[in-house]
Amino acid sequence: MAGPTSRLFLLARRGDSQRLPSLLLIPRSVHAAAWAATSPISPPPLPASSSVRSYSSAFTSVHGERPSSEYAKIRKQSLETQFGRILGSSSRRLFADRGFGPFLALYRAATISFHVVKLTIWHLLLSDMKKRAQKFRESLISLGPFYIKLGQALSTRPDILPSAYCQELAKLQDQIPPFPTRIALRTIESQLGSRIPDLFADISPEPIAAASLGQVYRAHLHTGELVAVKVQRPGMAPLLTLDALLFNMIGGQLKRFAKARKDLLVAVNEIVRHMFDEIDYVLEGKNAERFARLYSHGSGDDNSEVGIKAPKVYWTYTRKSILTLEWIDGIKLTDAERISKANLNRKRMIDEGLYCSLRQLLEEGFFHADPHPGNLVATKSGSLAYFDFGMMGDIPRHYRVGLIQMLVHYVNRDSLGLANDFHSLGFIPEGTDLHAVADALKISFGDASARRQSNDFQGVMNHLYDVMYEFNFSLPPDYALVIRALGSLEGTAKALDPDFKVIESAYPFVIGRLLADPSPDMRKILRELLIRDDGSIRWNRLERLIAAISEQSSESSNKSGDGSADNASGSSDWRSFDMHSVVAATEDLFDFILSRKGWRVRVFLVQDIIKASDAFLQEATFPYLFDKDFEMGELNPERSKMIKRVVNGVQSFRQAIKLAPDAWTAMLIRTFLKAESQHFVLDVFSALAKHSSYKIPETFWLCISRYLNYINKRDRL
């Protein structure tokens, strides 16, 4: 007797076969009635009615309920409360410790107002956008560190400012004037409690580099070690506090002058939030050590090995306003001439940098939020060295998983899934119609220019900006830093390879994470990659995934066999897949399909198996399974394409099995021994028998004839 899967399939076939997807998306009452009529087993639970505000009542998904936005709201409130406490305590200290605090505030407000008036006048007199951008940059430099940091952050946000402003503000990375060395030396002596000659054998007379919050000197310790001494600009804490308090007064004027496309007050939140951490050099030293512990590897003693380096911290010479680090000679990644002269492997450096960044964002969550060319350099041995650990992000697991899920939904062009990701992660205000967001995303997906740039991070962001504006998106602080980090990473990598695209390059790593991580949320994302919400299988994605696993794992196996594998902690083989993880992920996928939640997947699977059998039976193409060059005659183009895809998929799967035969065999035996598997196999054979009974007699002898001709042809050869 046929099982529930085949009965559902036959029920669906009573109508037009093209209506099957709509059958699976009808209201729940109809689902329940259909199931009750065909099976004594109660239907699987579908999403609760509380999701009606997010979806229409007709929407259901085989993957279950979506996460709510509650976590995002709690996270945002926590960060805002934390920032409010920091700013409030700093303000109280400012006015308590300094009797002239109110007068200092008035003086600073007057200074800022003066520059705002100047900008307004220039806005009226200058029609050239580039000249206005130059005046804007010069005003930010005059206003001091707070506004310099703001300009640096805005230089990577073309969603906020016109491109002319972004290009001009990018110069702030390298063109920040230093403060006098005598003040820096006095700060070092007061912080460390000793005279300069007692601390260092020598120190450079001028700063080697100047940043918005401090500047760096080159020095030798009395032990002979070469170090970098980072000295904070004087009066940073009160100045940052004042500027953070006063920014609300002038943010609107800056917005009008720069023709910003959204409120600067919103964009500056994540920058201000981290500024107070950046002026604590003890915290920065701890960040540097944590970064080195998590990501640093490779000796970099020769050009054959690319590593990640982070400078050593000298705690004896480090205080809250002084940071002493190991000196690392490096070549800026934008200096193409020096990189060429050093014969550095650009591809390997890009690969290593991408691997390190993906580990930061998707595995550990602790990431460098500002990897611009001044903070990420190449050593002469070919390693990559990171500097400036003041602005670090610490993204929670919920957001890391969300980032992977968004990438998968974007690649799948799943507009409704992407809209719900935005909602669950707090991008979209409560009460927003997610179907309207999904429709807008679907329209943007159809744009040809967007498709051409779909693997370029900046192209993706430009792709989504119009939708963000229309629906009043608000980036959470964690994601604002992630976007900044990815934008800086792509810009830095493009200095080495103009064709570099973050999303295209990161996709193999993401798939590897999905296959290797057995957690329920990662398994769910993997299912969403391969199975649509209605239960139908994305065969093209499954085919490409199997081919990639077969090819890349085979290449990795060959390298290991040749004894050429690199350091395991490196990134040389991070694009390959661990076959035992692949087997485990496959078994989990089979378990889902065979579970009660996977009943719709089984319905579609039976339908697809029958379509494939039709293609083989109607064209009698069994010999093609054994010979790719076999002449199949005048095939139906659609059936021919299906046959080739099935054969290629089977061959890739066989190749993957050969890489770990024991693991695959054990998994397949375990799966087949389950009662659910046996019932499903019986259902498939039952459906095939009922569907193909009238076709088998007329095609059987033709198949035998062609197969015998094929054998005869091979014997002659």
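**Close-up 1. Helix α6 (residues 129–143) and its ends.** At 1.5 Å a residue, the 15 residues of helix α6 should span 21 Å, and this agrees with its end C-alpha atoms, which are 21 Å apart; the expected span is 1.5 Å times one less than the number of residues, and helices (H or I, at least four residues) and strands (E, at least two) are DSSP runs numbered from the N terminus. This is a predicted model, in which local features need pLDDT of at least 70 and side-chain atom pairs count only at pLDDT 80 or more, whereas totals for chains, interfaces and linings use all residues. Residues are numbered from 1 along each chain as its sequence is written, and side-chain values use heavy atoms, with hydrogens and water left out. At the start of α6, a side-chain oxygen of D128 comes to within 3.0 Å of the backbone nitrogen of K130, while G144, with a positive phi near 105°, follows the helix.

**Close-up 2. S204 in the loop between β1 (200–203) and β2 (209–210).** S204 counts as buried because its relative accessibility is 13%. The side chain of S204 reaches the backbone oxygen of E206 at 3.0 Å, and, leaving aside residues up to four places away in sequence, S204 touches Y217 and R218, where contact means heavy atoms within 4.5 Å.

**Close-up 3. Helix α23 (residues 502–516) against helix α24 (residues 520–530).** The axes of α23 and α24, lines fitted to C-alpha atoms over the stretch in contact, come within 8 Å and cross at roughly 125°. Y507, I511, R513, L514 and L515 in α23 meet M522, R523, I525, L526 and L529 in α24.

Notes. Axes fitted to C-alpha atoms, helices over the stretch in contact; angles between N-to-C directions. Polar contact = N/O pair within 3.5 Å; in protein donor to acceptor, adjacent residues only side chain to side chain. Buried < 20%, exposed > 50% of the residue type's maximum accessible area, 1.4 Å probe, protein only.
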